[in-house]
Amino acid sequence: MHVNVSMHNGTLRFGFETEEDEPTQRKSSMANMSCYVKGPETWKISEIHPDHMALSALLMVRPWFNRSLKMSFGVSQKFADACHQMKISVSPVDPEVIPYDSESAKYVGLAFSGGADSTAALSVLPPTTIPIFLDRPDKGSSLYSKDAALHSVAKLSQLGYDCHIVECDLESIREPIGFPTDLSNGVPTILLAMKLNIFGIAYGTVLESLYGLGRLQYKEYTETSHYKNWWNVFSESGLPISYPTGGISEVGTEIICSKSSIGALAQSCIRGSIDQPCHFCWKCFRKTMLRIALDIEPPNAELVTRLLESGEVRTKLSQLPISHENVLIFAFSRLDLDLYPKGFVQRFDHEDSLTYLSHWYSKSRGLIDIRIRKFVERKIVSYIGANGPQEELRIQSWDNSQRINRLESLSLD
């Protein structure tokens, strides 16, 4: 696949030209052959490191090209070698391109979404962290609403954070619309790294995603294909990844937000308006149940009834396993199941109340950049404490597969 890059009045455009038998079909398809990233009008292409443009392109089209990216600019040998380890050829290599020097940079950039996990990440990162929000342009009749996130960014700016809102339509490359890769929401942060003096990129990814507790079995993240594919290529581009909430469950991020001075700004629902979640989507259901279980918000029978009438919620609850099932087990082990449809007793009854989800899985400290690790550790422990050795072993022994095999799908009829 050929990648052509140009810039005009602060807008960086990526154009993709496919070769024979591209784009490769995956679960999603490549619907558009271009996208843009709109920065400040004074932004110049000379302020973007070539390796960062190449890394951004890789994050945009990774699912659909066949092993080769041919750029309209040169990359460093260091970056090309890192991609080679992914069995990807990135060319041309320009011997005059010096790798990005992150050692002299000062700040960590956060791919900020405005949700609970992202806000919890910002709460434990140094106060000099730069939150960067990818602002998807409004198109068509999408249910997506960015009002709450933009409100959060505005409030953070008033509190002194160096926030940036970057309009970018990379999600339109994919059909159905969405991020082509789970790290591509960091593209604006990557592209602004040299201009903003950023030494690394943080994501608000949580325990359920990194270690598989939201699925059937625990997986050691450093042994997964995701780690092997992406960790090194980010590091070799001079922007090592940090997962400050990587050892924190959704349970823990809600607790952090309930205690943090900026936690009230978080809103995970992307369909509702400012301070008004839609109370009809799956995320609203999961977060509401958890917050009630944690006594962060009071019980609300009318709201719960409304959520259980949602077709989306009913579909999700009928799955085996349910997405983030561990979080729901934690929540319902603390709620009176007699107040819910009778199938909830069988579906969420568990011999373990999963108390370890309230605390930090400290084995994840290696996923936090060494330059900020001690600060982040202290902040996390001050909010939620750390699990002891026995609790960490329980996390590592998470296996929901046998339980799922003997269960029937939950029916709300």
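I take helices (H or I, at least four residues) and strands (E, at least two) as DSSP runs, numbered from the N terminus, and contact as heavy atoms within 4.5 Å. The model is predicted, so local features need pLDDT of at least 70 and side-chain atom pairs count only at pLDDT 80 or more, while totals for chains, interfaces and linings use all residues. Residues are numbered from 1 along each chain as its sequence is written, and side-chain values use heavy atoms, with hydrogens and water left out.

**Entry 1: helix H8**

H8 has twelve residues and spans 17 Å from first to last C-alpha, close to the 16 Å expected at 1.5 Å a residue; the expected span is 1.5 Å times one less than the number of residues. Just after H8, I noted a positive phi of about 90 degrees at Gly 238.

**Entry 2: H1 with H8**

I then examined the packing of H1 (residues 50–61) with H8 (residues 225–236): the angle is about 160 degrees and the axes are 10 Å apart. Axes are lines fitted to C-alpha atoms, for helices over the stretch in contact, and angles run from 0 to 180 degrees between N-to-C directions. The two helices are therefore roughly antiparallel (an angle over 145 degrees). Leu 55, Leu 58 and Leu 59 of H1 meet Trp 230, Val 233 and Phe 234 of H8. The residues of this contact are six nonpolar, no polar and no charged; Ala, Val, Leu, Ile, Met, Phe, Trp, Tyr, Cys and Pro count as nonpolar, Asp, Glu, Lys and Arg as charged, and the others, Gly among them, as polar.

**Entry 3: backbone exceptions**

Most residues other than glycine have a negative phi, and most peptide bonds are trans. I found a cis peptide bond between Ser 91 and Pro 92, with omega about 0 degrees; Pro 92 is in strand S6 (residues 89–93). Another cis bond joins Glu 175 and Pro 176, with omega about 5 degrees. Ser 28 is in contact with Glu 175 and Pro 176, among others beyond four places in sequence, and Ser 28 counts as buried at 7% relative accessibility.

Asn 197, not a glycine, has a positive phi of about 65 degrees and counts as partly exposed at 25% relative accessibility. Leu 354 has a positive phi near 55 degrees and is buried, with a relative accessible area of 1%.

Definitions and conventions. Parallel < 35°, antiparallel > 145°, perpendicular 65-115°, else oblique. Buried < 20%, exposed > 50% of the residue type's maximum accessible area, 1.4 Å probe, protein only.
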